[in-house]
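Reader: I've got a model open and a few labels I'd like to understand. Could you walk me through them?

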Amino acid sequence: MPDNETRELLEMSEDERRAMAEESIRKSFHKSLFTPFAKAIKNYKLVEEGDRIAVCISGGKDSMLMAKLFQEIKRHRRCNFELEFLVMDPGYTEENRRLIEDNARLLGIPITIFTSSIFDTVDTITQSPCYLCARMRRGHLYSKAKELGCNKIALGHHYDDVIETILMGMLYGAQVQTMMPKLHSTNFEGMELIRPLYLLREADIIRWCEYNSLHFLRCACHFTESCAALREDGTSASKRMETKRIIAKLKETNPFVESNIFNSVENVNLSTVIAYKDKDGKAHHFLDTY
């Protein structure tokens with residue numbers, strides 16, 4: 001938006017801004033945001049009758065939009081399900097926590113906040129702190145969601161996260177795998193994890209934020225902040241950011257590279273791979289049946 005339009009928007013009341021954000025989902029961004037959200041829910045059977053879903057909000061743009069999309073799809077009442085909007089404070093600064101609370105109030109999201117000491121724990125870890133942080137966060141979210149009577153937790157991973165994960169697995173993990181749209185918890189019986197933003201593009205999410213002049217929390221852990229300070233030459237310690245740049249570079253000469261990466265894990269021919277593992281972890285080699 002031009003500066004004068006942004007100023008006018010910021011002069012609106014919170015009720016007016018909330019109404020504008022919701023209307024933009026129904027109109028200006030219906031095709032790019034609501035339609036792929038509803039499509040993912042339908043195609044992957046993410047929401048079912050009687051579900052009680054903990055919508056996990058980190059405070060970032062993705063999870064905040066996910067909360068609004070859930071509110072919108074519930075408004076259609078095609079399926080009876082309940083929502084809990086769950087925020088875990090893993091050790092945010094007072095400023096960052098206030099930002100989450102202010103945005104939730106502005107957007108009309110009735111959040112439940114609980115605290116943990118994950119950031120302090122991860123600060124002492126030197127090997128793969130981001131991986132450990134993600135694992136610990138998920139465990140705490142599962143536990144709190146189950147306590148609230150939920151049978152599912154919803155995380156805000158989008159299409160770009162999916163294709164980056166596929167490529168990262170190949171380049172850095174020597175494996176072919178993807179970020180699944182839903183999966184059963186191995187540690188919390190009866191609980192599932194769902195990813196309703198699975199088909200949404202990050203660029204469209206950013207456009208929605210900019211259109212409504214919304215500013216959300218970015219990763220606020222101490223590790224990320226220290227990495228940013230150390231890499232002033234423009235390089236990044238994050239393999240995900242490196243993979244994002246690789247995909248952007250490939251797209252310059254192949255406009256279909258993103259969809260090709262996504263579709264590659266739907267078009268796997270097991271008779272043309274050297275080896276694979278089944279769902280029980282058992283290894284199979286092509287020579288077994290050659």
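Reader: Which residues form a nonpolar patch on the surface?

Author: Met170, Leu171, Tyr172 and Val176 do, with about 400 Å² of accessible area together. Keep in mind that this is a predicted model.

Reader: Why does Val176 count as exposed?

Author: Exposed means over 50% relative accessible area. Val176 comes in at 65%, so it counts as exposed. As for its place, Val176 sits in the loop between helix H8 (159–173) and strand S5 (182–184).

Reader: And why does Met241 count as partly exposed?

Author: Buried is under 20% and exposed is over 50%, with partly exposed in between. Met241 has 37% relative accessibility, so partly exposed is the label it gets. You'll find Met241 in helix H11 (residues 239–251).

Reader: How far apart are Met241 and Glu164 in sequence and in space?

Author: They're 77 residues apart in sequence, and 8.9 Å apart in space, going C-alpha to C-alpha.

Reader: How many cavities of 30 Å³ or more does a search of the whole structure find?

Author: One. The largest cavity has a volume of about 30 Å³.

Reader: What makes up the lining of the largest cavity?

Author: Leu9, Arg17, Ala21, Leu106, Leu107, Asn212 and Leu214 line it. Helix H2 (14–26) and helix H5 (94–107) are the elements that give two or more residues to that lining.

Reader: How do the residues of that lining divide into nonpolar, polar and charged?

Author: Five are nonpolar, one is polar and one is charged. Arg counts as charged, so Arg17 is the charged one.

Methods. Residues are numbered from 1 along each chain as its sequence is written. This is a predicted model: local features need pLDDT of at least 70, side-chain atom pairs count only at pLDDT 80 or more; totals for chains, interfaces and linings use all residues. Side-chain values use heavy atoms; hydrogens and water are left out. Helices (H or I, at least four residues) and strands (E, at least two) are DSSP runs, numbered from the N terminus. Buried means under 20% relative accessible area, exposed over 50%, partly exposed in between (1.4 Å probe, protein chains only). Patches are made of residues with over 30% relative accessible area and no salt bridge: like charges are joined within 9 Å, nonpolar side chains (Val, Leu, Ile, Met, Phe, Trp, Tyr) within 5 Å. Accessible areas come from the Shrake-Rupley method with a 1.4 Å probe; for residues, only the protein chains shown count as cover. A salt bridge is a side-chain nitrogen of Lys or Arg within 4 Å of a carboxyl oxygen of Asp or Glu. On a 1 Å grid over the protein atoms alone, a cavity is a set of points where a 1.4 Å probe fits but cannot get out, and a pocket is an open set with protein on both sides within 12 Å along at least five of seven lines; lining residues have an atom within 4 Å of a point. Grid points are joined across faces, edges and corners, and a volume is the space filled by probe spheres set on the points.
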